[in-house]
Amino acid sequence: MCDRMTRKDAMHRLMTAIALIAAAPAAQAYTVYISNERGNSVSIIDSETLEVIDTVDVGQRPRGIVLSPDGSELYILASDDDIVQVMDTATREITHTLPSGPDPELGVLHHSGNPLYVANEDDNLVSVIDVEAGRVIADIPVGVEPEGMGLSPDGSVLINTSETTNMAHFIDTETLQITDNVLVDQRPRAAVFTKDGSRLFVSAEIGGTVSVIDPSVPEVIHTIDFEVPGVPREALQPVGMQVTHDGETLFVALGPSNRVAMVDAKSFEVSGYLLVGQRVWQMALTPDEALLFTTNGISNDVSVVDVARETVVKSIQVGEQPWGVAISPE
Amino acid sequence: MRLSGLICALAVAALPASGAVAQSAAVEAAVLRVEHERPLPISRLDLPPEDLGFAGGLLATADNNTTGGFLGQEFKLETVSVAPEAAVEALETLIDGGATFVVTLADAPTTLALAEAAGDRALILNAQAPDMALRGADCRANLMHVVPSRQMLTDALAQFLVWKRWPRWFLIEGSHPEDTALADAYRASAAKFGAQIVETRVFEDTGGARRTDSGLVQVQAQVPVFTQRAPEHDVVVVADESEVFGAYIPYHTWDPRPVAGSVGLTPVIWHPAHEAWGATQLQRRFESAAGRPMREADYAVWMALRVLGEAATRTAATDPAALGDYILGAELELAAFKGQALSFRDWDHQLRQPILLAAGDIVASVSPQEGFVHQVSPLDTLGTDRAESECVTG
């Protein structure tokens with residue numbers, strides 16, 4: 001299976017290269033932002049040319065990055081500076097900062113654009129930041145080492161995963177109280193809902209699995225395992241995830257195995273693995289879902305996946321240790 | 001929040017043991033630290049803090065209680081420091097007080113005596129003794145090892161040296177039994193991974209005080225002489241578990257060679273500079289609670305009590321029998337900032353784990369090294385594999 005994939009990959013790469021030269025893909029042009037954890041910068045990529053068009057110096061150890069719904073502001077979680085920086089995407093300048101508590105890593109913005117929910121690892125808290133007022137309006141006590149953040153499509157349920165407690169905490173965004181806790185596998189890193197809100201996926205880096213949760217109960221209804229011939233089980237470490245709008249396909253970044261798994265999000269069967277750069281961490285789909293961008297921390301590049309063809313079409317060199325990715329809206 | 005959590009744990013630890021608390025659903029554990037007589041460390045930077053090991057236990061208990069808060073589970077910890085001859089008596093007091101899980105910081109003979117005394121009344125989690133016999137001929141059904149065996153540590157270093165293509169070792173071993181045991185482990189590792197020990201010399205411990213005004217002058221004169229005329233070698237490997245002379249070796253060898261083993265590049269389970277795999281989070285949590293960097297003993301006790309917490313979380317139980325069964329079973333997996341899950345080997349109750357290779361102020365590498373393969377887990381390239389195990393109880 002591995003051999004077949006590789007040959008197919010190579011062929012597709014060639015075909016896509018030809019396609020790119022022959023006719024520009026129908027895809028719309030988006031702006032792709034990549035945070036470089038070690039480079040202390042944000043690389044900006046044009047999704048049409050697939051070239052880096054700018055590199056902006058930001059705070060120390062930028063990890064999670066989040067765009068405002070209209071794409072006008074980029075929130076950069078500068079972990080070693082213990083702040084959130086706000087970049088005006090038109091001028092590409094940092095206009096102001098928001099308080100975050102120590103070591104902010106991942107955040108999620110309410111669909112309305114306010115507030116920003118940030119995992120605050122040192123104090124076992126999720127901080128709720130009013131991005132307009134520029135202050136922390138609430139702290140929610142959660143499990144040990146809060147990490148992944150997800151928001152239900154209707155904005156009513158915030159999910160936080162805690163890496164040492166190994167739970168997905170369900171938080172009511174009105175009352176800011178925990179309503180449920182669902183135990184998952186070791187070191188949960190990310191949480192994503194399907195667009196219809198009927199399923200929640202939680203990746204467990206050390207457990208090597210993705211838990212499928214029915215949020216209405218809530219409980220784990222299935223656990224997705226991964227297997228790649230010739231790759232040790234320990235290297236298959238699920239981290240970032242993306243699910244398509246139609247809820248059909250789940251992409252799972254598998255860290256040091258340098259693979260992205262494609263999963264049928266209905267049957268939970270793994271349909272294939274894409275070979276990407278080294279230590280693939282986070283991912284983002286373009287709004288038209290034509291392309292998937294993955295950040296590869298060790299090879300200092302971004303892999304671009306043609307979603308329809310299920311193949312990697314380009315690697316783009318970015319700054320040192322790319323970590324987070326955000327893509328401008330339609 | 002963190003501080004108040006710790007104060008709670010402390011308050012619980014200070015409660016007198018009585019029947020009144022025994023009926024609660026709390027998981028009751030203890031850390032028993034046995035104070036073996038040791039010389040002062042060569043470097044005053046290595047002087048042991050008073051809360052060595054205990055601070056790791058308090059943090060793990062606070063972590064467990066944070067998680068337990070979501071499940072209606074409570075964890076209690078008692079910490080005790082005793083002389084070797086009072087160890088078994090202290091264990092009895094702890095068991096009478098309700099402790100069913102006891103983390104030990106003790107040498108091998110004391111650890112074995114404690115395991116035998118505990119019998120089926122308590123599970124002993126060894127957080128200090130690296131001796132092979134405890135995992136082999138002397139293994140016990142109620143004895144688990146969260147710290148690696150000597151062989152795991154020496155295999156970890158050996159893999160790195162072989163990967164570096166530094167196969168010719170000049171071995172210098174101390175004159176105490178534990179130094180000989182460590183040197184034996186290096187000999188076994190060399191044979192296992194294809195390195196050659198081209199020369200072995202024993203550094204005799206002649207006793208005497210550590211602090212003398214002219215100490216440095218003597219070291220600079222003696223160590224070059226002690227190490228001269230060795231056959232061609234790539235690296236000096238030091239086996240000095242008793243910490244008598246190792247620190248004096250680097251920079252004083254006759255031939256300019258890197259030094260590894262008990263000094264130089266050192267196999268360890270924890271290092272205050274370890275930052276990979278989210279370890280910074282544990283470092284920061286520990287430092288803000290304890291007011292000092294985390295040491296190996298703190299991490300060992302943290303792991304032992306997190307094993308307990310993980311068992312309680314996964315089984316949704318707090319009764320000792322259910323927890324003990326889960327810990328002794330094959331399902332337990334622990335995330336402990338080493339990039340992969342740790343689990344117990346069912347043949348000798350040894351926790352399989354990656355080993356850090358520390359060099360001064362940083363972590364230089366982590367073993368197992370790439371390319372060392374195993375049919376079950378790369379972690380089982382370190383230490384005693386199932387087929388070689390002499391344990392018949394585990």
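Analyst: Two strands count as paired here if DSSP finds at least two bridges between them. The model is predicted. The part I pick is strand E13 of chain A, residues 157-162.

Start with burial. A residue is buried if 20 or more other C-beta atoms lie within 10 Å of its own. By that cut-off, 6 of the 6 residues of E13(A) are buried, so the strand is largely enclosed by the rest of the structure. Both faces are covered. On one side sit A:Val157, A:Ile159 and A:Thr161. On the other sit A:Leu158, A:Asn160 and A:Ser162.

Now the partners. Strands of a sheet pair through backbone hydrogen bonds, either parallel or antiparallel.

Next, the turns. E12(A) and E13(A) form a hairpin with 5 residues between the strands. In this hairpin, A:Gly155 has a positive phi near 75 degrees. The hairpin of E13(A) and E14(A) has 4 residues between its strands. A:Asn166 lies in that turn, with a positive phi of about 65 degrees.

Most residues other than glycine have a negative phi, and most peptide bonds are trans.

Take positive phi. A:Arg61 is not a glycine, yet its phi is positive, about 55 degrees. A:Arg61 lies in the loop between E3 and strand E4 (62-67) of chain A. With 21 C-beta neighbours inside 10 Å, A:Arg61 counts as buried. A:Asp82 also has a positive phi, near 60 degrees, and is a residue other than glycine. A:Asp82 is partly exposed, with 17 other C-beta atoms within 10 Å.

Then the cis bonds. The peptide bond from A:Asn114 to A:Pro115 is cis, with omega near 5 degrees. A:Pro115 belongs to the loop between strand E8 (104-109) and strand E9 (116-120) of chain A. A cis bond also joins A:Val217 and A:Pro218, with omega about -20 degrees. A:Val217 is placed in the loop between strand E18 (209-214) and strand E19 (219-225) of chain A. A:Pro218 lies in the loop between E18 and E19 too. A:Val217 is exposed, because 10 other C-beta atoms lie within 10 Å. A:Val217 and A:Val56 are 161 residues apart in sequence and 44 Å apart in space, C-alpha to C-alpha.

An open sheet of 4 strands has the order E3-E2-E1-E28, with antiparallel pairing. Its edge strands are E3 (51-57) and E28 (322-327), each pairing on one side only. From one strand to the next, the twist averages 25 degrees. Strand E1 of chain A, residues 31-36, is joined to E28(A) by 4 bridges and runs antiparallel to it. In that pair, A:Ile34 stands opposite A:Val325.

Step back to the whole of chain A. The chain has 1 helix and 28 strands. Its radius of gyration is 19 Å, close to the 20 Å that the globule rule gives for 330 residues, so chain A is as compact as a globular protein of that length. Its C-alpha atoms fill a box of roughly 50 × 45 × 30 Å along the principal axes. Of the 330 residues, 53% count as buried. Among contacts between residues at least 6 apart in sequence, 45% join residues at least 24 apart.

Last, the partner chain. 16 residues of chain B are in contact with 21 residues of chain A. Helix H3 (54-68) and helix H10 (279-290) of chain B each supply at least two residues of the side that touches chain A. That side of chain B divides into 5 nonpolar, 6 polar and 5 charged residues. Chain B also has a parallel pair: strand E1 (residues 27-34) and strand E2 (residues 75-82), over 8 bridges. The chain crosses from E1(B) through H3(B) to E2(B), a right-handed β-α-β crossover.

Definitions and conventions
Residues numbered from 1 in each chain as written. Chains lettered and ligands numbered in written order. Predicted model: local features only at pLDDT ≥ 70, side-chain atom pairs only at ≥ 80, totals over all residues. Contact = placed C-beta atoms within 7 Å. Nonpolar A, V, L, I, M, F, W, Y, C, P; charged D, E, K, R; others polar. Right-handed = clockwise from strand over helix to strand, strands pointing away. Buried ≥ 20, exposed ≤ 12 C-beta atoms within 10 Å, placed from the backbone. Axes fitted to C-alpha atoms, helices over the stretch in contact; angles between N-to-C directions. Rg over C-alpha atoms; globule rule 2.2 N^0.38 Å.
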